[in-house]
Structures are given as C-alpha cells and as structure tokens.
Amino acid sequence: MRAFAVTVLTLATLAVLAGLLWSHLSPRAPYQVTAEGPILADPSTQALISADGWYAVITGGLGLACGALAWFLGRRHQLAVLLGLGAGGVLAAFLTLWVGSTFTLGVVVVEAAATPGVKIVPGSLTLTATGVIVSWPLVAVAFFGLMEGMHGYRESPLRKPYGLG
C-alpha cells in the first residue's frame, strides 16, 4: 500500500509542475468580447491545437520518465507501483489540466484580425482534443509493461530451449 501511495503522490506533485510548464509554454487563443459573450476572434488560429500539442508532449514525456523510473525503483512492489502509475497518471493528467488552465504564466500576447476598437482578450487554456488527457497514464503504464516484458524474456528459461546457451 505504501508503494502505491508514494507513486500516486509523486505523480501528483509532478503534475503541479507540469501544469505550470504547460501554462507557460502554450499560447492563448484570441477572443473578441461581444454583447453575447466572448467569441473566437481568429478562427484560423493554431493556438488551440498548439495547446493540445504542448499538453501531450509534456504529459507524455513525464509519463515515459515516470514509467522508467518506477520500473527501476519499484522492483520489489511491481503490482502496487503499476497500479499507482495508472491511478496516479489519471490524477496527474487532470491535475495538470486544472493547474495549467487556472494559473497563467509567461507572456500572453493576443493578436487577431479584428476591427479597430474591438476588445480582444486572451482565452483560457483548455484542451480541444480531449483524448490527449490519457497520454500520461497510458505512456507510463505501457513503458513499465514494455520494460517488464523485455526483462521477463531475458530471464526466461524459454529463451534458451533444450539447455543451450
């Protein structure tokens, strides 16, 4: 139980840093303030896609690092660590999303093709491709499984049939 808790808490701590990094690196989409509410000022903006890409790169990279580190350090409690990677990865993904969309870091520059005198404001940081939310837990668990599979094959007696080698 301790290995599970340590894994989940470690991933949650990393998620706060990942959210701040995502907030710093991702551009904000420009929104025009109207009487009906804010609308996307520049429909051809790539800022929405860029935010999704940065999220996937940051969380996928951390998933890879966490999966590798968990495999090397959690050899005695593999099942607890693997379950912690899955549960902690899901928690970390949502925590990264919340921290990144709540706190604004870095320079927020908004440029759009709008009529003069119209107020343009930066939009909040969100995910438009919601499937990238699984990148952290998926990559972490998959890499842990890959490493365990390669190690298990290397140690397997089936690798050397008939006593050869």
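**Which residues does Val99 touch, not counting residues up to four places away in sequence?** Val99 touches Val16, Gly19 and Leu20 under that exclusion, contact meaning heavy atoms within 4.5 Å. The legends below take up this residue and other sites. The structure is a predicted model, in which local features need pLDDT of at least 70, side-chain atom pairs count only at pLDDT 80 or more, and totals for chains, interfaces and linings use all residues. Residues are numbered from 1 along each chain as its sequence is written, and side-chain values use heavy atoms, with hydrogens and water left out.

**Figure 1. Overview of the fold.** The secondary structure of the protein comprises four helices and three strands; helices (H or I, at least four residues) and strands (E, at least two) are DSSP runs, numbered from the N terminus. Along the sequence, these elements follow the pattern α-β-β-α-α-β-α. Of the 165 residues in the protein, 33% are buried, where buried means under 20% relative accessible area, exposed over 50%, and partly exposed in between (1.4 Å probe, protein chains only). Among contacts between residues at least 6 apart in sequence, 83% join residues at least 24 apart.

Figure 2. Val99 lies in helix H3 and counts as buried, at 2% relative accessibility. Val99 and Ala18 are 81 residues apart in sequence, yet their C-alpha atoms are 8.4 Å apart in space.

Figure 3. Thr96 has its place in helix H3 and is buried, with a relative accessible area of 1%. Residues up to four places away in sequence being left out, Thr96 touches Ala15, Ala18, Gly19, Trp22, Tyr55, Thr59 and Trp136.

Figure 4. Ser23 is placed in helix H1 and is buried, its relative accessible area being 0%. Apart from neighbours within four places in sequence, Ser23 is in contact with Arg28, Gly100, Phe103, Thr104, Leu105 and Leu125.

**Figure 5. Packing of helices H1 and H3.** Two packed helices are described by the angle between their axes and the distance between the axes. The axes of H1 and H3 come within 7 Å and cross at roughly 25°. This angle makes H1 roughly parallel to H3. Axes are lines fitted to C-alpha atoms, for helices over the stretch in contact, and angles run from 0 to 180 degrees between N-to-C directions. Angles under 35 degrees count as roughly parallel, over 145 as roughly antiparallel, 65 to 115 as roughly perpendicular and the rest as oblique. H1 passes H3 in a right-handed crossing; a crossing is right-handed if the near helix is turned clockwise from the far one by less than a right angle, and left-handed if anticlockwise. The contact of H1 with H3 has 20 nonpolar, nine polar and no charged residues. In this classification, Ala, Val, Leu, Ile, Met, Phe, Trp, Tyr, Cys and Pro count as nonpolar, Asp, Glu, Lys and Arg as charged, and the others, Gly among them, as polar.

**Figure 6. Packing of helices H2 and H3.** H2 and helix H3 (residues 78-102) pack at an angle of about 155°, their axes lying 11 Å apart. The two helices, H2 and H3, are therefore roughly antiparallel to each other, and their crossing is right-handed. From H2, Tyr55, Thr59, Cys66, Gly67 and Ala70 meet Val81, Leu85, Ala93, Phe94, Thr96 and Leu97 in H3. The residues of this contact divide into eight nonpolar, three polar and no charged.

**Figure 7. Aromatic pairs.** Rings of Phe, Tyr and Trp (its six-membered ring) pair if their centres lie within 6.5 Å; planes under 30 degrees apart count as stacked, over 60 as edge-to-face and the rest as tilted. By this rule there are three aromatic pairs. In one of them, the rings of Trp22 and Tyr55 have their centres 5.2 Å apart and their planes at 70°, so the pair is edge-to-face. This pair links distant parts of the chain, with Trp22 in helix H1 (residues 2-25) and Tyr55 in helix H2 (residues 47-73), 33 residues apart. Both Trp22 and Tyr55 are buried. Trp71 and Phe72 also form an edge-to-face aromatic pair, at 5.0 Å centre to centre and 75° between the planes. Trp71 is buried, with a relative accessible area of 8%, whereas Phe72 counts as exposed at 54% relative accessibility.

**Figure 8. Thr34 in strand E1.** Thr34 is in strand E1 (residues 30-34) and counts as partly exposed, at 24% relative accessibility. Thr34 and Ile120 are 86 residues apart in sequence and 9.7 Å apart in space, C-alpha to C-alpha.
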